[in-house]
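Here is my note on this model, as numbered points. Please read it with the coordinates open.

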Amino acid sequence: MNITYFGHSCFGVEINGKHLLFDPFISPNELAKGIDVNSVKADYILISHGHEDHIADAVSIAKRTKAKVICAWEINVWLTKQGVENIHPMNTGGKVKFDFGNIKCVVAVHSSGLPDGTYGGNPMGFVVESSEGSFYYAGDTALTYDMKLIGDYRSIDFAFLPIGDNFTMGVDNAIIACDFINCEDIIGMHYDTFGFIKIDKEEAVAKFRGAGNSLTLMNIGETIKK
Ligand code: NI
Ligand code: MN
C-alpha cells in the first residue's frame, strides 16, 4: 500500500492498483498550497462526514476522475444534486466488497452537517480490509467504546486517528483508542490546519512512544509504504 498525505484528514491510499482518496480538503487548506488538486488521483472517494474540511474538493475531484464516491446516504443525495453521478451510499454497520477489498462503515461520535446546512446523516469511520493489509480510518470522532468492536473482532495493521483535540479526540484519548482498536501503528490527522487544533507535534510523538505506540506525522505531499 502507498499512502500519500494531502493535508488535514485527506489521504490517498493505493491498494491493489486502485486509488482511494479519503476526505478531500485540499484547495482551501493553506498548508496544502503545494498540492495540485487537479492532479490528485482517485478511483474511489471516501467521505467520512459532511463538514467542509472533509468534503470541499469532493465534487470537483469526483467529476474530473469519475471516481466512485462512498459516503452516507444523505451525503449521496446532496452530491447527486450537484451532478455527481457515481456514488455508492452506505450507512453505519454496513459492509461492501469492492474490487480493491472490503469497506465496513463504523461508528464515529461527531456531527455531520453539509456546508450549506443540509443534514448529512451519521458521521462514520471506515475499516478497509484487503489482500495488501487492513486499516481503520476514524474520520472525525471522539474516543468511544465502539472502537473496541474493531479491536475485538477485526485485525488491523495500522490506523488513521484524529489527534487535534477541540473538534475530535486529542492525543491522550487517541492513545487510549490504540488499546481499544488493538493497534500500535498510528498515522495522525486533523491537527495544525486551524488555530483551534494546533498541537505540539514532538510532544505528541513522544507521548505515543511512551505508551508503547508509534505515531507517524506525515509531511504534506509525502508518500510512504505500508
Ligand atoms: Ni467534522
Ligand atoms: Mn473536521
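**Notes on the sheet, the metal sites and the core**

1. Seven strands make up an open sheet, in the order E6-E5-E4-E3-E2-E1-E14, and their pairing is mixed. The edge positions belong to strand E6 (87-90) and E14. Each of these has a single partner strand, so one side of each lacks a neighbour in the sheet. From one strand to the next, the twist averages 20°. Helix H3 (residues 73-81) packs on this sheet and touches strand E5 (68-72) and E6. The direction of H3 makes about 130° with that of E5. Bear in mind that this is a predicted model.

2. Start with the pairing at E1. Strand E1 (residues 2-5) and strand E2 (residues 11-15) run antiparallel and are joined by four bridges. Within that pair, Tyr5 stands opposite Phe11, and Ile3 has Val13 as its bridge partner. The hairpin of E1 and E2 has five residues between the strands. Gly7 takes a positive phi there, near 95°.

3. E1 also pairs with strand E14 (residues 223-225). The two run antiparallel, with three bridges between them. Asn2 has Lys225 in E14 as its bridge partner.

4. Next comes E2 with E3. Five bridges pair E2 with strand E3 (residues 18-22) in the antiparallel sense. Val13 stands opposite Leu20 in E3. This hairpin has two residues between its strands. Asn16, in the turn, has a positive phi of about 50°. Is E2 enclosed or open to the outside? Four of its five residues are buried, so E2 is largely enclosed by the rest of the structure.

5. Now the nickel site. Which residues coordinate the nickel ion (ligand 1)? They are His49 through NE2, His51 through ND1, His110 through NE2 and Asp140 through OD, at 2.2 to 2.3 Å. The angles among the four donor atoms run from 86 to 176°, and the site is irregular. Along the chain, the nickel donors follow the spacing H-x1-H-x58-H-x29-D. His49 and Asp140 link distant parts of the chain, 91 residues apart. His49 is in the loop between strand E4 (44-46) and helix H1 (52-55). Asp140 is in the loop between strand E10 (133-137) and helix H4 (147-153). His49 counts as buried because its relative accessibility is 0%. Asp140 is at 2%, so it counts as buried too.

6. Four residues coordinate the manganese ion (ligand 2) at 2.2 Å: Asp53 (OD), His54 (NE2), Asp140 (OD) and His190 (NE2). Their spacing along the chain is D-H-x85-D-x49-H. His54 lies in helix H1, and His190 lies in the loop between strand E12 (185-189) and helix H6 (201-210), so this pair ties together parts that are 136 residues apart in sequence. His54 is buried, with a relative accessible area of 0%. His190 is buried as well, at 1%.

7. What joins the two metal sites? Asp140 bridges the nickel ion (ligand 1) and the manganese ion (ligand 2). The two ions lie 3.0 Å apart.

8. Last, the nonpolar core. The largest one has 79 residues. Those with the most contacts inside it are Leu79, Phe135, Tyr136, Phe160, Leu161 and Ile181. Helix H5 (residues 171-181) supplies the largest share of this core, seven residues.

9. Which residues does Leu79 touch, leaving aside its neighbours within four places in sequence? Its contacts are Ile47, Val59, Val69, Cys71, Val84 and Ile87.

How values were computed. Residues are numbered from 1 along each chain as its sequence is written. Chains are lettered from A and ligands numbered from 1 in the order in which they are written. This is a predicted model: local features need pLDDT of at least 70, side-chain atom pairs count only at pLDDT 80 or more; totals for chains, interfaces and linings use all residues. Side-chain values use heavy atoms; hydrogens and water are left out. Donors are N, O and S atoms within 2.8 Å of the metal (3.2 Å for Na, K and Ca); water is not among the atoms, so sites may look incomplete. Four donors count as tetrahedral if all angles lie between 85 and 135 degrees; four count as square planar and six as octahedral if opposite donors are over 155 degrees apart and all others between 65 and 115; anything else is irregular. Buried means under 20% relative accessible area, exposed over 50%, partly exposed in between (1.4 Å probe, protein chains only). Two strands pair if DSSP finds at least two bridges between them. Axes are lines fitted to C-alpha atoms, for helices over the stretch in contact, and angles run from 0 to 180 degrees between N-to-C directions. Contact means heavy atoms within 4.5 Å. A nonpolar core is a set of buried Ala, Val, Leu, Ile, Met, Phe, Trp, Tyr and Cys residues joined through side-chain atoms within 4.5 Å.
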